[in-house]
Amino acid sequence: MPEGDTVWQAAKRLHDALAGQALTRSDFRVPKYATADLTGRRVLDVTPRGKHLLTRVEGGLTVHSHLRMDGSWKVYADGQRWTGGPAHQIRLILGTADRTAVGYRLPVLELLRTADEQRVVGHLGPDLLGPDWDPDRALANLLRDPARPLGEALLDQRNLAGIGNVYKSELCFLLGVTPWLPVGELPAAPAAKLPALAQRLLAANRERPVRRTTGGHRGQDLFVYGRAPRPCPRCGTSIRVADQGDGSRDRPTYWCPVCQAGPAPRPARAAGTGRRRTA
């Protein structure tokens, strides 16, 4: 699933291509909005909110989209070949005189009144890359359920908006705790720096084509995510991977059993397979 920095980049591409321009093409390819037509309306802005995209147009309307696992927005110049996928995967086309934005495989797509945006994003916590970012409120939200595993709390967009599976694993490594540590057991020092660290990581990567959390340490972009069973860059121990979640949306989660204190599942899943092995 795209994370906050990726969604921020998508919003910037869409804003740069569409904002201030009148739409010359509007083609919703979902049954509910098959008759909706935004042609002639000027695009006011494209704003990211956590992992949500809000495209606002004249007349008090907003196109709300969410990429989830497979969705994407592509922007093409006039005459450029579209390469985002087959035509049957297109859910929305918004075009101006010289640019065309094409939404592929969008699992969430709706047209609503701009005044009703809170209905779709009002539940979100402070946005790590937004003007509403509030580190104190984000930390208070995380600590509200002290028994909840830290990794699950970080992914809950109601606590703070923008963290996905990659940043969850990387943040826990940088804090020196496992993603299964109950939030209430997070030591005071890591807890105090968590919001600022999370915000710094996403802000540093919002302009980068390749996400990096290591500062280029030993030529690696990430410390633990996607690296099992390779050695930990700090201690050399094999990085582990296991699923984390409530059973309905388990996510592969990576950690170092030496550098990160706290509980961890046994057995861990063998990287790249569906088999299980002893951690």
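Predicted model: local features only at pLDDT ≥ 70, side-chain atom pairs only at ≥ 80, totals over all residues.
**Before you start**

Residues are numbered from 1 along each chain as its sequence is written. Local features need pLDDT of at least 70, side-chain atom pairs count only at pLDDT 80 or more, totals for chains, interfaces and linings use all residues, and side-chain values use heavy atoms, with hydrogens and water left out.

Colour by pLDDT, the predictor's confidence in each residue, from 0 to 100. The protein averages 93, and 93% of the residues score at least 70. Now select 273-279: here the pLDDT is below 50. Beyond near neighbours in sequence, that stretch has 19 contacts in the model. Contact means heavy atoms within 4.5 Å.

**Stop 1: the four-stranded sheet**

Helices (H or I, at least four residues) and strands (E, at least two) are DSSP runs, numbered from the N terminus. Show β2, β3, β4 and β8. They form an open sheet in the order β2-β3-β4-β8, with antiparallel pairing. Two strands pair if DSSP finds at least two bridges between them. The edges are β2 (43-49) and β8 (108-113), each pairing on one side only. On average, neighbouring strands of this sheet are turned by 20° against each other, direction ignored.

Zoom in on β2 and β3 (residues 52-57). Six bridges join this antiparallel pair. Pick valine 46: its bridge partner in β3 is threonine 55. Axes are lines fitted to C-alpha atoms, for helices over the stretch in contact, and angles run from 0 to 180 degrees between N-to-C directions.

**Stop 2: helix α5**

Select 165-175. Buried means under 20% relative accessible area, exposed over 50%, partly exposed in between (1.4 Å probe, protein chains only). The buried residues include Lys168 and Glu170. Show what covers them: among the elements are α1, α4, α6, β9 (240-244) and β10 (251-255). Just after α5, click glycine 176, which takes a positive phi of about 80°.

**Stop 3: helix α6**

Move to 188-205. Helix α6 has 18 residues and reaches 27 Å from its first C-alpha to its last, close to the 26 Å expected at 1.5 Å a residue. The expected span is 1.5 Å times one less than the number of residues. Stop at leucine 194. A kink of about 45° lies there, shortly before proline 195. The bend is the angle between axes fitted to the seven residues ending at a residue and the seven starting there. Buried residues of α6 include Pro190, Leu194, Pro195 and Leu201. Their cover includes α1 (4-18), α3 (135-143), α4 (150-155) and α5.

**Stop 4: asparagine 141**

Select asparagine 141 in helix α3. It counts as buried, at 10% relative accessibility. Leaving out residues up to four places away in sequence, asparagine 141 touches Gly125, Pro126, Arg158 and Asn159.

**Stop 5: backbone exceptions**

Most residues other than glycine have a negative phi, and most peptide bonds are trans.

- Arginine 68: phi near 45°, in the loop between β4 (61-66) and β5 (72-77); partly exposed at 42%.
- Arginine 105: positive phi of about 55°, in the loop between β7 (99-104) and β8; partly exposed at 25%.
- Proline 229: the peptide bond from alanine 228 is cis, with omega near 0°, and proline 229 lies in the loop between α6 and β9.
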